[in-house]
Amino acid sequence: MQIIPLAPTHAADAARLHILGQPGTFLTTLGPGVLTALYRTLPRTRAGFGFAAIDHEANGVDEAGALLGFISATTGVDKLFAEIGTTGLGTLLPPLVGQLARHPALIWRSVQTVAYPLLVGGDENGPPPAELLSIMVEPNLRSQGTGTRLLAALVAACQERAILLLDVTVDASNEGAQRFYVRHGFVHHHDFTLYARRMAQYRLAIPSG
Ligand SMILES: CC(C)(COP(=O)(O)OP(=O)(O)OC[C@H]1O[C@@H](n2cnc3c(N)ncnc32)[C@H](O)[C@@H]1OP(=O)(O)O)[C@@H](O)C(=O)NCCC(=O)NCCS
């Protein structure tokens, strides 16, 4: 297994893993088309970055390799939304409009998603924390250290970017993920409600490199 930077070519597989890893959540209900467009756009932005765990043996050296897991993050959700709004809309809008037309109930949740940076709040002074957006590992490969390797790559990237804090928001009912974050040094920061669900925000102080 190799850890490499997340690229637009991983988008469809990342969407598949996202849907498997986060059943019943808002982004998953937007469907594979919207998620693929999101993961195609994110690595093209300046504010978005991430890593992919690749099994090169699965497809041979000339192929892209199977995606075993991935992690994605942004230096700021507000900056990421702004970039998607200006450069990524052509990719994202067609599948999003189609899905919202089919499921109008999702429109309000989309509005909440755009308002999300306000909900989590920026209560402190100093540089704003980066945000871990998603970490997903192929279900039958979990508990074998892939998530740990992906997180280590992300933390190293944060050190290179002089990022001091990394936040992650997790559904309060996702006890497994919270165990994973706490084991890796994240500390519970605060709780809030999003999409009528209880969310827990955790924070990692990035160790100096
Ligand atoms: C959380 C996750 C990325 C961890 O990846 P991983 O490769 O299993 O991580 P590691 O092998 O490095 O560490 C395993 C630890 O993660 C935690 N964990 C959380 N959810 C887990 C799950 N569904 N299965 C196994 N371990 C899980 C446990 O603490 C586990 O330790 P244990 O095996 O001693 O119980 C992975 O379990 C996953 O994809 N979960 C579903 C998606 C999700 O909830 N993502 C986080 C919210 S964005």
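These legends describe close-up views of a predicted model.

**View 1. Helices α1 and α3 pack against each other.** Helix α1 covers residues 11-21, and helix α3 covers residues 31-41. Their axes lie 8 Å apart and form an angle of about 125°. That angle makes α1 oblique to α3. The crossing of the two helices is right-handed.

**View 2. Residues at the contact of α1 with α3.** From α1 come Ala 11, Ala 12, Ala 14, Ala 15, Arg 16, His 18 and Ile 19. They meet Pro 32, Leu 35, Thr 36, Tyr 39 and Arg 40 of α3. By type, the contact holds 8 nonpolar, 2 polar and 2 charged residues.

**View 3. The largest nonpolar core.** This core has 43 residues. Those with the most contacts inside it are Phe 51, Phe 70, Ile 71, Leu 132, Leu 150 and Leu 154. Strand β4 (residues 130-137) supplies the largest share, 6 residues. In soluble globular proteins, nonpolar side chains tend to be buried together.

**View 4. Contacts of Leu 132.** Neighbours within four places in sequence are left aside here. Leu 132 is in contact with Ile 71, Ala 73, Leu 154, Leu 166, Asp 167 and Val 168.

**View 5. Thr 75, a buried loop residue.** Thr 75 sits in the loop between β3 (66-74) and α4 (77-102). Thr 75 counts as buried because 20 other C-beta atoms lie within 10 Å, and the cut-off is 20 or more. Beyond its neighbours within four places in sequence, Thr 75 is in contact with Ala 47, Ala 130, Arg 161 and Ile 163. Pro 207 lies 132 residues from Thr 75 in sequence and 17 Å away in space, C-alpha to C-alpha.

Key
Residues numbered from 1 in each chain as written. Predicted model: local features only at pLDDT ≥ 70, side-chain atom pairs only at ≥ 80, totals over all residues. Axes fitted to C-alpha atoms, helices over the stretch in contact; angles between N-to-C directions. Helix = DSSP H or I, 4+ residues; strand = E, 2+ residues; numbered from the N terminus. Parallel < 35°, antiparallel > 145°, perpendicular 65-115°, else oblique. Left-handed = near helix turned anticlockwise from the far one by under 90°. Contact = placed C-beta atoms within 7 Å. Nonpolar A, V, L, I, M, F, W, Y, C, P; charged D, E, K, R; others polar. Core = buried A, V, L, I, M, F, W, Y, C linked by C-beta atoms within 7 Å. Buried ≥ 20, exposed ≤ 12 C-beta atoms within 10 Å, placed from the backbone.
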